[in-house]
Amino acid sequence: MTALTLVRGDITEQSVDAVVNAANSSLLGGGGVDGAIHRRGGPDILAECRALRAGRYGEGLPTGEAVATTAGRLPARWVIHTVGPAHTEDEDRSPLLASCYRSSLRVADELDAHAVAFPAVSAGVYGWPLDEAARIAVDTVRQTPARVAEVRFVLFDPRAYDAFAARID
Ligand code: AR6
């Protein structure tokens, strides 16, 4: 069974097997968690992302999917890049957000990762309401069978931490 844990802090500082990146489909970097991971992890991550774009993901990584690269200089071994949906009132995109967590866990299992750190995917630039983002994250991880021993949610800002804490307790 996968244990869920909660940490307030910076995902780039986590000593886990894999950290999940809230990327965009270009895989070529951005702000938020994505910017922090590339900055701290160094150029090897971007080099592998470019290789993915030159190969299997020529048109980018589709929303809801996940793919792994090296973690470069991060304390983790791998970065699992996933693309969350941008929030909109016009359409319910929550299945795509749930898919980010399921796909990332599947990739983590393929890597034989034991501990995996997740940020609050889509809860920043992509505008997802925190309570909804936390509900989907926690429920999906709980409902997804995986060999991963620990899923650590790493929340940067106190409001995000509180939203996840309310779901986990
Ligand atoms: N560690 C943990 N959480 C963080 C960190 C960090 N170092 N930095 C920010 N957060 P976001 P998204 C929190 O915007 O909404 C990028 O430009 C942040 O407070 O990183 O999925 C990509 O390239 C928020 O709660 O991801 C995409 O274009 C959460 O992480 C787009 O943003 C997610 O915020 C993706 O947007």
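User: What makes the pairing of the T82 side chain with the backbone oxygen of E65 a polar contact?

Analyst: A polar atom of the T82 side chain lies 2.8 Å from the backbone oxygen of E65. A polar contact is a pair of N or O atoms within 3.5 Å; within protein, one must be able to donate a hydrogen and the other to accept it, and residues adjacent in sequence count only if both atoms are side-chain atoms. The distance of 2.8 Å falls within 3.5 Å, so the pair meets the distance limit. The model is predicted: local features need pLDDT of at least 70, side-chain atom pairs count only at pLDDT 80 or more, and totals for chains, interfaces and linings use all residues. Residues are numbered from 1 along each chain as its sequence is written, and side-chain values use heavy atoms, with hydrogens and water left out.

User: Why is T82 called buried?

Analyst: T82 has a relative accessibility of 1%. Buried means under 20% relative accessible area, exposed over 50%, and partly exposed in between, with a 1.4 Å probe and protein chains only. The value of 1% is under 20%, so T82 is buried. T82 belongs to strand β4, residues 78–83 (a strand is a DSSP run of E of at least two residues, a helix one of H or I of at least four, both numbered from the N terminus). Beyond four places in sequence, T82 touches residues including V20, L61, C100 and V121, where contact means heavy atoms within 4.5 Å.

User: Is Q14 buried or exposed, and how do you know?

Analyst: Q14 has a relative accessible area of 9%, so Q14 is buried. Q14 sits in the loop between β1 (3–8) and β2 (18–23). The side chain of Q14 makes a polar contact of 2.8 Å with the side chain of R152, and a polar atom of the Q14 side chain lies 3.4 Å from the backbone oxygen of D10. Apart from neighbours within four places in sequence, Q14 also touches V7, P75, A76, A117 and V154, among others.

User: Why does D92 receive its accessibility label?

Analyst: The relative accessibility of D92 is 58%, so D92 counts as exposed. D92 lies in the loop between β4 and α3 (94–111). A polar contact of 2.5 Å links the side chains of D92 and S94.

User: How do you know which residues join α1 to α2?

Analyst: The axes of helix α1 (residues 32–41) and helix α2 (residues 43–54) come within 6 Å and cross at roughly 115°. The contact is made by I37, H38 and G41 of α1 with P43, I45, L46 and C49 of α2. These residues divide into 5 nonpolar, 2 polar and no charged. I37, H38 and G41 are also among the buried residues of α1, and the buried residues of α1 pack against β2, α2 and β4. After α1 comes G42, with a positive phi near 85°.

Terms used
Axes are lines fitted to C-alpha atoms, for helices over the stretch in contact, and angles run from 0 to 180 degrees between N-to-C directions. Ala, Val, Leu, Ile, Met, Phe, Trp, Tyr, Cys and Pro count as nonpolar, Asp, Glu, Lys and Arg as charged, and the others, Gly among them, as polar.
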